Amino acid sequence: VFDTLITSTSKNKDIRQIRKQVGLVFQFAENQIFEETVLKDVAFGPQNFGVSEEDAEQIAREKLALVGIDESLFNRSPFELSGGQMRRVAIAGILAMEPAILVLDEPTAGLDPLGRKELMNLFKKLHQSGMTIVLVTHLMDDVAEYANQVYVMEKGRLVKFGKPSDVFQDVIFMEEVQLGVPKITAFCKRLADRGVSFKRLPIKIEEFKESLNG
């Protein structure tokens, strides 16, 4: 990671700076919460790296606003919040470290469709602001909608990579590795098997509509 080689024998003190540069959001990020108030929880990380209490609290306020947590909740116990709100608080805690890279492990698991869309749009906004986002997911529709590059892993090895629009053309391969393709791509593949002509299989609904108009 950057110039640091991390192995199973790496000591915590040797990779301390990496923990600040690379933020990891667990699959159920709310399990990372532990402080007695929302504000204290988000401010903990910066303080742990030497930021003053006052500055850490200001950073926490900014990141909580960024993820859509209202100021009225700042002094509430995070454990009194809804599941979606708790996850946002946990993400704010990672963002408070101001990492260069944000690694997301199935970040929308267990959320309803609206909550999932809102969270993915937040990550898109962060990416557009210049942050590198690594999204680990089995939801191929999210890959099609949000990813610039896709890397397919199998048993710890990289077996395919490229732009989503290229990777998802190989429907058979993606099914063989038990990932599949976006729903609209699978639908268009069935149409193609029945004689409908596509220059390239669409990976988004908008592309499908354009192919019909074209």
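Helix α2 (residues 38-48) packs against α4 at an angle of about 30 degrees, and their axes lie 7 Å apart. That makes α2 roughly parallel to α4, a class that covers angles under 35 degrees, whereas those over 145 count as roughly antiparallel, 65 to 115 as roughly perpendicular and the rest as oblique. The model is a predicted one, in which local features need pLDDT of at least 70, side-chain atom pairs count only at pLDDT 80 or more, and totals for chains, interfaces and linings use all residues. Residues are numbered from 1 along each chain as its sequence is written, and side-chain values use heavy atoms, with hydrogens and water left out.

**Helix α2 with helix α4**

- Axes are lines fitted to C-alpha atoms, for helices over the stretch in contact, and angles run from 0 to 180 degrees between N-to-C directions; helices (H or I, at least four residues) and strands (E, at least two) are DSSP runs numbered from the N terminus.
- V38, D41 and V42 in α2 meet V89, A92 and G93 in α4, where contact means heavy atoms within 4.5 Å.
- The residues of this contact of α2 with α4 divide into four nonpolar, one polar and one charged, with Ala, Val, Leu, Ile, Met, Phe, Trp, Tyr, Cys and Pro counted as nonpolar, Asp, Glu, Lys and Arg as charged, and the others, Gly among them, as polar.

**Helix α3 with helix α4**

- The axes of α3 (residues 53-66) and α4 (residues 83-95) come within 9 Å and cross at roughly 130 degrees, which makes α3 oblique to α4.
- On the α3 side K63, L64 and L66 take part, meeting V89, A92 and L95 in α4, and by class the contact of α3 with α4 has five nonpolar, no polar and one charged residues.

**The sheet and its helices**

- Three strands form an open sheet in the order β1-β2-β3, with parallel pairing, two strands being paired if DSSP finds at least two bridges between them.
- The edge strands, each pairing on one side only, are β1 (22-25) and β3 (132-136), and neighbouring strands of the sheet are turned by 15 degrees against each other on average, direction ignored.
- Strand β2 (residues 101-105) runs parallel to β3 and is joined to β3 by five bridges; L104 has L135 in β3 as its bridge partner.
- Helix α4 packs on the sheet, touching β1 and β2, and its direction makes about 170 degrees with that of β1.
- Helix α5 (residues 113-128) also packs on the sheet, touching β2 and β3, and its direction makes about 150 degrees with that of β3.
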